Amino acid sequence: MSDTAVNHNTPFLKCVAEYCISCYPDLSALTFVMPNRRSAIFLKHYIEQALDSSAFLPRFIVLSQLAVRGAEYAVCDHQEQLMILYKAYSDVLTKNGHAEQISDFDKFLFWGEIILSDFDSIDRWDIDADMLYRNIKDLKQLTADFLDDEQKAIVRSIWGDSQLTEERNSFWLHINAVTDASDADADSDTGDSMIGKFLSLWQILGPVYHTFHSMLHDRGMTTAARLLRDLIADDEWQARLKAPRYAFVGLNEVSYCEAKLLDKLSSGDKARFFWDITDDMMVSTSRSVVLNMSKRWPQPDDFSPPAAPGPDIKVLAMPSKVAQAKAIGLTLTQLIDKGKLDPENAINTAIVLPDEALLTPTLLALPLQIKNVNITMGVPFAASSFATLLRAIVSMQLRAVYNNPRRQYQFFYEDIDAVLSHPLIRIIAPDVADSIRSKMAADRLFRVDICFFAAEDYKPLEYIFRMVERDSVNEADNCAQYLIDLIDGLHRDISNIDSGQAMPSKTEADYLAHISSEIRALSTMIANYGITVSQSTYFAFFERLLNARSINLSGTPLHGLQIMGVLETRALDFDNVIIASMNEGAFPRRSYVKTMIPNSLRRDYSMPATESLDAAYEYYFYRLIARAASVTLIYDSRAQGLSSGEPSRFIAQLKYITPKCLKRPEFIEYSLGYAQPDDREFAVAKSPDILDKLQSFKMPGGANLSASALKTYKQCPLKFYLQYVKNYRGDTELTDYIQAVDYGNIIHGTLCAIYEQYKDRPITAQVLDNICADTNDLQLRRIISQQIVQAIKVPENHFNSEHKITAIVILHIVKRLLMVEKECYKPSFNFIGGEVKNEIKQWTIDNDLTVNFTMSIDRIDEFSDANNSKALRFIDYKTGSDRTSAPSLDALFEPGVHDYDAIFQLLIYCHAYADLYGKHNITIKPVVHSLKSILKDGKIATKFNKEDIVDYRDVDDPDGDDSFKARLVSLIKEIFDPEVPFAPVDNINACKYCQFANICGREIPDK
């Protein structure tokens, strides 16, 4: 046979196709064994191109399908394997008289996954399980715990806890589960030594292995690895194969059992081998594996694809995932401009995404010229909108708690809010979701009773917010029925949505029905094996169902730009290759091997060590770029959060030890930022629409100004605009504890409730003494409890320890405050009222302006002033750090300063009250009741310019040129001035705690 003529950039699979056509007249007698289905599609395409006449095409399979051909047993599902393994584990312990030590399935589940993984390795590498576990037992015996309690105490005192002193996991001990007395300490009379107790696990795993496979065979099933192992011992297997000849193409690693299968086929001259490797590629572990395979199973002497000249390599450092996607789009545009990529059919170009999360931003960043895209990688269903909603609902169910006094289950507010805030719920029932959230916030429902959702208004979502009954007998059935009802309900509600609304993917919605059928199958399986499964374990199985499934995107494999995962690139070659997420830990992926077999023993038994996955990814990388003409590698350069910003080791290899076949890469680093001009304007001009909205503050019955609104405008006009003109509000965070603002409300409410009893008579020192007498504590506690109920919306019979302690603390604070008032408010005063609201709503500021104004004064007292005339005292309770002394008018009106807001607010009340009710001739004394300063100093004093404020009109310029009222009028008129925009305050420190700080885009100083 003559050498097949190929060009330098001829793809490896094309070389294979042309060679086989020239060597095998009857291709139908040939079966190609490929690394994956994608490579099989491309090889089939190249064969069709190379044929010059009609012919029957060969078969194409992957290596795992070869073992299944002619097999007597079906491969068992992974979930069912776990259940059979648990039965095997239970049987072994029961047969040895230790049934009482069988762990619950919930505890066994995690370790069962590890045991199955090890059993798979044992079978793939044809290892004697009994000998392996005996070796592990011997190895563990060297590290067993032989220290007594005194020795452990000394070790802990010097070095702290270590593997010698930590508590051993009780699951692994299986105390007294010694199956071979000869293995126990020879000095032990009972054969039940401490060493034997600790090592007993390794003694039962061998029998568990054999029992597990025996149970599988009894059910007509096996595992994929055991199937391979059985086949190499089956002399008749080859006779059952339908194809007379096999061609193995592009394999890069095989297990021991797979190697024995290849030996069988090779010895019978039934196989040909084609290895995808170039002589100039970097020498590495992965390459040496393929070289060794090519020596054991040589490829035809006259088949030798030439090495490519090597690509131009560009390495881009991008500061985010989105930036990586943008870089992919830019690279594609540049390839189009250079004529290296045909936008009508970009099949010569591949985008490789090790991180599946980059798929969506990459699709959005593709140039518009590219008409066709083929996506080989599946989109994980776990990343879909439905999966995120289902996880939130499962989390809500698992965190639900039983309230004994109320005798019902409760969901946590945060879990409910996470479900109600999900985009799908916002599509299905936005009004119901808003109503539930508003009700929880208004009633401060941190824990919500299940019966809450039975209300008629909430019926549309009741199928979500019903509790899965928890009982040990039917718990799995209850979970299954809940999930089925949930998925059916979601599918029904999504199907009934108007087509004009934003809709989730139809593929995602249709996939729900498939998940529902799998849930039914899972429940049937659990029932068949008689396994008791808790709610948490059943939901864990459900999570595994979500994570294991992917939504396959349809496309035309041999047409358009190719987007694929790393494993899909095996045996494929492209002119242009773009690989994103070239970060350490992403490509290559971190190797996490679930195993109990130490690395030392894995090497001794020639099993793959934990670093074998790294070697495989190294092979995928170098063979992919070796025949390309242009390679672009992109990595995330951010060093924050979970991202280390560390480029892949492959990039470092290219940089420092570039193989001879590859050109030295070009490195380009991008930074993410923007230039902010010095004159950047945040201000909101008062457009005609905004001026129309401001008119509402002037029209009777319209929007109201308040002292709080005026404080907000003084602090920041832009904040006033967002909060009072646009009606934006920050989210209300519910807590299950009493917050500082609640303390203030409770104390204020308690004092007002006490004084209400004396509203029609003078309150003297004697009255206050009687109120604070110990004999009156029971009544005071009753009042305090009522105020706590109003503040936190929790019935008194459901008070927890914190609520009861709070009541005691507030009792002492209230009595202390009353005693201070007795000393400061001599000889007596009359309580006019608490939370006093104005009845007259229209406040005439001056001849040109009248506004709607509302106020709520914490407390009003009547007393006799120095002239023995009736005077009023306006009291505002403060629990924070508000100051009770203002140095000047400038300080009171200084933009962005919060220190004197309490005095500022009280003075507004005084002027508004005097204007609204014509009380200009009455003395009104503003008093800030700062609880902190009162409890600390025992004094009540509100000052301006270092002098006590006797009357609100005293807060003016000492020279008489300026007054508080004049500045207040100017401030209010400025709100309505069309020429003055709503601009952010210059004082950047005022933005520290502003809920709208992110809207401004300012760089806020640390709090």
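Me: Why is C23 called buried in this predicted model?
Reply: C23 has a relative accessibility of 14%. Buried means under 20%, so C23 counts as buried.

Me: And what makes C257 buried?
Reply: The relative accessible area of C257 is 0%. The cut-off is under 20%, so C257 is buried.

Me: How do you know that C23 is in no disulfide?
Reply: A search for disulfides gives zero in the structure. For C23, the nearest cysteine sulfur belongs to C20 and is 6.9 Å away. A disulfide needs the two sulfur atoms within 2.5 Å, so C23 is in no disulfide.

Me: Good. Over to charges: what makes K822 and D769 a salt bridge?
Reply: Their side chains meet at 3.1 Å, N to O. The limit is within 4 Å, so the pair qualifies as a salt bridge. K822 sits in helix 32 (residues 801-824) and D769 in helix 30 (residues 765-771), so the pair ties together parts that are 53 residues apart in sequence.

Me: Are those two partners buried or exposed, or something in between?
Reply: K822 has 17% relative accessibility, so K822 counts as buried. D769 is at 32%, and that makes D769 partly exposed.

Me: Which salt bridge does D774 make, and what does that pair tie together?
Reply: D774 meets K815 at 3.2 Å, N to O. D774 lies in the loop between helix 30 and helix 31 (777-792), whereas K815 is in helix 32, so this pair links parts that are 41 residues apart in sequence.

Me: What makes D876 and K878 a salt bridge?
Reply: Their closest N and O atoms are 3.4 Å apart. That meets the limit of within 4 Å, so the name applies. Both residues are buried. Across the whole structure, a search finds 37 salt bridges, and D276, D573, R623 and R627 are linked in a network of them.

Me: Now the strands. What makes strand 8 (residues 349-352) a partner of strand 16 (residues 576-579)?
Reply: Four bridges join them in the parallel sense. Pairing takes at least two bridges, so these strands pair. T349 stands opposite N576 in strand 16.

Me: How do you know that strand 8 also pairs with strand 15 (residues 561-564)?
Reply: Three bridges join these two strands, which run parallel. At least two are needed, so this is a pair as well. The bridge partner of A350 in strand 15 is Q562.

Me: Which way do the side chains of strand 8 point?
Reply: T349 and I351 point one way, A350 and V352 the other, and all are buried. In a regular strand, side chains alternate between the two faces of the sheet.

Me: One more: why is N496 called exposed?
Reply: N496 has 58% relative accessibility. Exposed means over 50%, so N496 counts as exposed. N496 lies in the loop between helix 20 (475-495) and helix 21 (506-528).

Notes: Residues are numbered from 1 along each chain as its sequence is written. This is a predicted model: local features need pLDDT of at least 70, side-chain atom pairs count only at pLDDT 80 or more; totals for chains, interfaces and linings use all residues. Side-chain values use heavy atoms; hydrogens and water are left out. Buried means under 20% relative accessible area, exposed over 50%, partly exposed in between (1.4 Å probe, protein chains only).
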